[in-house]
Amino acid sequence: MATIPLKWMLAIGMVAGLLGSRPVCSCGPFFEQAIFTYTLHPDVPLTSYAQGQLGILQPTYAQSYLYVAYRYLIGMGFDQEEKEALLALWDERLNPQADLWNPNASAAVKTWSDVRAQITAAGPPPPINVFKALEARNGVFYYHEYVNCPADAFQTAANTLTERIRQFGADSGDVQEWVRAQDQVFSNCSGARAIPAPAAPQSPEILQKDRAYQIAAAHFYAGDLAVAERLFRDIADDPASHWRPLAPYLVARALLRQGSLVPRDDDVDTAKLTAAKQTLNAILDDRNLQIIHPTTRRLLAVVRARLEPAERVHELAQSLLTPNNGPTLKQDLWDYTLLLDRGADERNGADADAARRDEMTDWILTFQDTSPGGLEHALQRWTATSALPWLVASLAKVGVGHPRHHDLLAAAEKVPQEAPGYASVTFHRLRLLAASGRRDEARQQSDSLLSQGVPTFPPSGRNLLLALRTKLARTLYEFMTYAPRLPVAITYNIDGREIPENIETSERLQLIARDRPLFDVDAARVINRRLPLDTLRELVHRTVLPTHLRRELAMAILTRSLILKEDDTTRDLVPVVKTLIPELGPSLDEYRATINREARVFTGIFMILRFPGLKPYVQENVGRLTPFDQIDNYRDNWWCALEPATLGTSREGDQLSAPLEILYRSAQDHAFEFLSAAQAHAAQQELQRLASLGPAPNYFSQQVMAWAQRASSDPRVPEALHLAVRATRFGCTDTDTGTFSKAAFDLLHQRYPKSPWAQKTKYWYK
Amino acid sequence: MLVARPYHMAQRNARQHHLRLLAACMVVLGVAAALGALGQSPLSAWWTQSVPVVRAPLATFPPVVLWAWERPEALDFIDVQGIGVAFLARTLYLSGSEVIVRPRLQPFSAPPDTKLMAVVRMASNRWRPPDLSASQREMATAAIAEVGTLSGIQALQVDFDATVSQRAFYRDVLQQLRRQLPASMPLSITALASWCIFDDWLAGLPVDEVVPMVFRMGADQHRVRRYLAADDFRAAACRHSLGIATDEPLPTLRPGRRLYMFHPHAWRLETMTSFLEEVRRWPQSP
C-alpha cells in the first residue's frame, strides 16, 4: 500500500546508477594518497562552491557542479533555500556509506514490524525482503532486481493497522485476520505468490474495503499488473471505499509498471506509459483529489522521464533556471543529472542534437567534451553569444596552436576580478600567455595572485597556479620555491570519489596531514629525471625547501651518489645530510673516515642495506610512510629496476592528474628555462647508469659478494650478506634475483658458517 | 611470499644424517597420507591439490568472458560461441555481525545460449568491520548459494578481496559453499594478483578456477607488471585465467588462458571488438 511509491525506486535507481558509474573497486591494496587538485568535484566543504566560489572549473566535474557554475556564470546565483538544497544533494551523493543502505532494515519496515507485533495472535512476522527479481523470458537471459515494496507501503500498512487496532482492538479476530492478509501482501514483495481471500461477508464494511485494497496490492506486488490495474479501477469507482481517493494514482502505478518494468528498453510499452500519463493528468485536473496532487506530480515526472526523456531534460533545465525554486531544486537536479547520465550511454547523432537544445545543457555537455569537436562548438557558441560561460569553456580547451586563441586572450583580459568565472578565465589566460612566449607577463601575474591569496582561488586552484608557476621558473631556486604544494585532501580513494579521510581515524593519516607541502608528479619528474647529481647536490644545501622535503631530497641524492660511486659528491653531502638525517650520522662518519676508496663504497652500500627506505629518487605524493629504517610490508623497499623514462614511479604510478595534464600537452610544455642542454645530457647519462644497476636486491648482492671476495675478513661482511639475502625477500625482484639470493646465501654459509648471521639466514629466495 | 628453500649444510657424518632424514620424511609422509585419507589435515589438501585444478565443468566455458558489472548491460551483440559473460548478480557487505545484501539493480540481458557466470561480490564495511563469526559465515554462504540457484547460469564466481585476517573466514565460506552447491556447478573466484605472486594461500581452496585480476591494483601495480613481464604467476592455480581491463595497459599475456575483461562503462560492440583486437595484437609470452 503506497502513497509515494516510486520515491524509493528512484532513489535505489539513482544510487545504483552512482554505483554503476564508478569504477569497480576490485583490487588493491589501497594506500593514502594526497590530492592536490580535485577532479570530480570542487574543494570540500562544498559550501563555498554553493556560494559562488567556483575556482578553476574542471571538465571532469560531475554535472551537478557544472550546473551551479553555469548559473553563476550567467549572473543568476542561488537563494539560501536553493543553496541548502544543493548541499543536501551533494551530501547524499558523496556519502561514503551510501552503498550500505539497506532498505530491508529501513525505518518504515521497522515501523510496520513494531505495530504488527501488537497482534501477538497473528504469530511471528514473516521475514521481509523488499527486492524482487525480473528474470529471463523468451529465451533471452535477463536479470535484475528492483524494490518491489517501497517504504511507504509499510508506512501505510502501519498507519492503517494502528487505526484498526484503535477501532476494533488488538485482540479482535478481524484485526488478526487483517494482519494475516497483510502478511500475504508483503510476502509477494520478493517473489512469492500469495493473494488474500476476500473478507468474510459478515466482517465490518471498512475491513471489507481494506481487503479489496489488500487483494489489489497483492496482485500488484505479485506482478499481476493488469489484474491490479482493474482492481484499483474498481476501487476508484466504489463510492463506499475509503481507498477511493488513492486508487486512481495506483491505477497509474500499475500502468507505469506494465509499461516500464520490462527487460530491455526496446520492450518499453509506450501505450501503457501514455495511459499512465493520462491518468495522472486527470488526477491533477480533479480538485477533489488535491490531497494526492504532490505525489501525483512526482509520479508524472517519472513517467515522462521514461516516455519523453529529451523533453523532460529541457523542462528540468528550465526549472533549474527558475529563481527561488528551493522546494523542487534538489529533486529536479537529481532527475536532470540522472537523465543526462542515462542519455550519455545512449546518445548518438540525432540524440546528441536533441540533448543540446537548451543552452545550459549544451554548455554542460560541451564543457565536459574534451574532443576537438568540443572546442570548436564552444568557440562557435562564444562567437555567436559573447557569453561568459562559452568564453570559459573555450579557454579551458584551447591551445596556442589554435588561430582563435588571440581573440580568447583578449576577451579574457577584460573579465574583472569580481566576475564569477574569474579564476577559470585567469588561469587559462596565464597558461596561454606562458605557452605563447609571454612568460614574464605570466610570471608577474601569477606571483601577484599567489601573493595576494586571492579568495577566488580555493586550494585546488592555488595548486594549479603553483604548478603553472613552477613551469615558469627561471632558476632552480624559483623552481624549488613553487614546487611544494599543500594537499587539499588525504584519502584512500577506494571508491574513486575523492572523499577526504577523517585524519583522526588513523595514525598513518596523521603522519601525513600535518599541513606539510608535498611534491606532485610534475615536480618529482623534474627532480628525478632532469637534474644531474651536481645540480641536485646544490639543492640539498639550499634551505628553500621545507625541512621534511629537504630530508627526502637528501636521502635520494645521497643514495644516488653512493650507488653511482660518486665519491666526491657523497663526501660533500655528508655534513648537510648528517644534520638532516641524524640517523645516518654514524654510518656517514664511518664513510668519511674510511681511507680506502673501495672500502668506502662498501660502507655506503652497507648503510643503504640497513635503511630500506633509501631510494635514489624522491617520491611524489605521500611517499613511503614506513620509517625508513624499517622494512615496508608491501615491499616498498629500496628501488626496483629503474627506467629512465619513468624514474621515480610512485605507488600510484607516474601519471599527471587530469587537471595538470593541460599544462603538459605538448613537447614544448616540458621545457624548463633553468635547465641547460649540458645538464639535461648529464642527467640522462646518470639515468642510464642507474638503469644498468638493476633492482636493488641484485645490486646489493653483487656489490657485497664482490667486496667479500676482496676483503673476506671485514667483520661487516656476514651481516651484509645476511642483509643482501633479506633484500631479495623484501625488495623488488626480477628473474635473476633468485640466482643472486642463492649466491649470497651460499657464500655466507660456506665462508662464515659459525657467524650468527648465517644462523639467522635460514633461507634464500627465488 | 613464495616457497622458501631450506638449505642443509653438509654434516660431518653426512650419510648417517641423510638416512635419518629419509626415515623422518617417510614417517611424515605416511602420517600425512593417513590423515589425508581421513580428510583431517590441511596437509592433505596440499598433498592432493598441489597441482592446478581445472575441473571439467569449466573446460567448455568460452575463452573470453566479459564482466558485466552494476550498470545497464545489454549484450545482444556478442558471439555466444566465443564470448561468455560473468555478470554481477549480488553484492554482500559484511558489516559488524550483519550481511547486507545488495541485489543487482541495473538490467542485464544476454542472448540465448550465452554461457553465463553469476558473480557475487563481497566487501567489508570500513566503518563497521565484520566480526567474521560463524553466523556471519552462514549468512554470507547462504546469500551466495542462493545466487547459484538462478536459472540459466552455468557457473558461479565469488569476488572478495580478503585481507590476511579474513582469509580463514573466506576459506570457510568457500568450503561451505562448495558443499551446498550442486557438484555440477563450477565455482570460480577472483584473486588479487599479489596473492598469485607473493603468496600461496590459494592452495587447496575448493574452487575450479582462480582469476588473477591484473588491473586496479592500487599500490602493487608496478611490481606486478614488472614481475609478469619476466615470469609467470607462482601459484599454479592462477595460471589458467586472467582478468584485464580496457582502460589499463595490458600485462604480459600468456597463451591458452581464459581472459576475463572489465570495462568501466557499459559494453558496446565497438568497444569489445577493438579491445579484442588489441588483445590479439598484443605480444604474447611463449
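Q: In this predicted model, which residues of chain B line the second largest cavity?
A: The lining draws on chain A and chain B. Chain A gives Arg635(A), Gly731(A), Cys732(A) and Thr733(A). From chain B come Phe198(B), Arg223(B), Arg226(B) and Tyr227(B).

Q: How many charged residues are in the lining of the second largest cavity?
A: Arg counts as charged. Arg635(A), Arg223(B) and Arg226(B) are in the lining. Beside three nonpolar and two polar residues, the charged ones number three.

Q: What is the volume of the second largest cavity?
A: A probe the size of a water molecule, rolled over the atoms, shows where empty space is left. The count comes to eleven cavities of 30 Å³ or more. For the second largest cavity, the volume is about 60 Å³.

Q: Are H34(A) and H35(A) roughly parallel or roughly antiparallel?
A: H34 spans residues 717-730 of chain A, and H35 spans residues 737-751 of chain A. Their axes come within 9 Å and cross at roughly 155 degrees. Angles over 145 degrees count as roughly antiparallel. H34(A) and H35(A) are therefore roughly antiparallel.

Q: Which residues in H35(A) meet H34(A)?
A: The crossing of these two helices is left-handed. H34(A) brings Pro718(A), Leu721(A), His722(A), Val725(A) and Thr728(A). They meet Thr737(A), Ser741(A), Ala744(A), Phe745(A), Leu747(A) and Leu748(A).

Q: How many nonpolar residues does the contact of H34(A) with H35(A) have?
A: Ala, Val, Leu, Phe and Pro are among those that count as nonpolar. The contact has four polar and no charged residues. Its nonpolar residues number seven.

Q: Why does H16(A) count as roughly parallel to H18(A)?
A: H16 covers residues 359-368 and H18 covers residues 388-397, both of chain A. Their axes are 10 Å apart. The cut-off for roughly parallel is an angle under 35 degrees. H16(A) is roughly parallel to H18(A) because their packing angle is about 10 degrees.

Q: How many charged residues are in the contact of H16(A) with H18(A)?
A: H16(A) puts Glu359(A) and Asp362(A) into the contact, and H18(A) includes Lys397(A). Asp, Glu and Lys count as charged. Next to seven nonpolar and one polar, the charged residues number three.

Q: Where is Ser386(A) found?
A: Ser386(A) is not a glycine, yet its phi is positive, about 55 degrees. Its place is in the loop between helix H17 (372-385) and H18 of chain A.

Key. Residues are numbered from 1 along each chain as its sequence is written. Chains are lettered from A and ligands numbered from 1 in the order in which they are written. This is a predicted model: local features need pLDDT of at least 70, side-chain atom pairs count only at pLDDT 80 or more; totals for chains, interfaces and linings use all residues. Side-chain values use heavy atoms; hydrogens and water are left out. Axes are lines fitted to C-alpha atoms, for helices over the stretch in contact, and angles run from 0 to 180 degrees between N-to-C directions. Helices (H or I, at least four residues) and strands (E, at least two) are DSSP runs, numbered from the N terminus. Angles under 35 degrees count as roughly parallel, over 145 as roughly antiparallel, 65 to 115 as roughly perpendicular and the rest as oblique. A crossing is left-handed if the near helix is turned anticlockwise from the far one by less than a right angle, and right-handed if clockwise. Contact means heavy atoms within 4.5 Å. On a 1 Å grid over the protein atoms alone, a cavity is a set of points where a 1.4 Å probe fits but cannot get out, and a pocket is an open set with protein on both sides within 12 Å along at least five of seven lines; lining residues have an atom within 4 Å of a point. Grid points are joined across faces, edges and corners, and a volume is the space filled by probe spheres set on the points.
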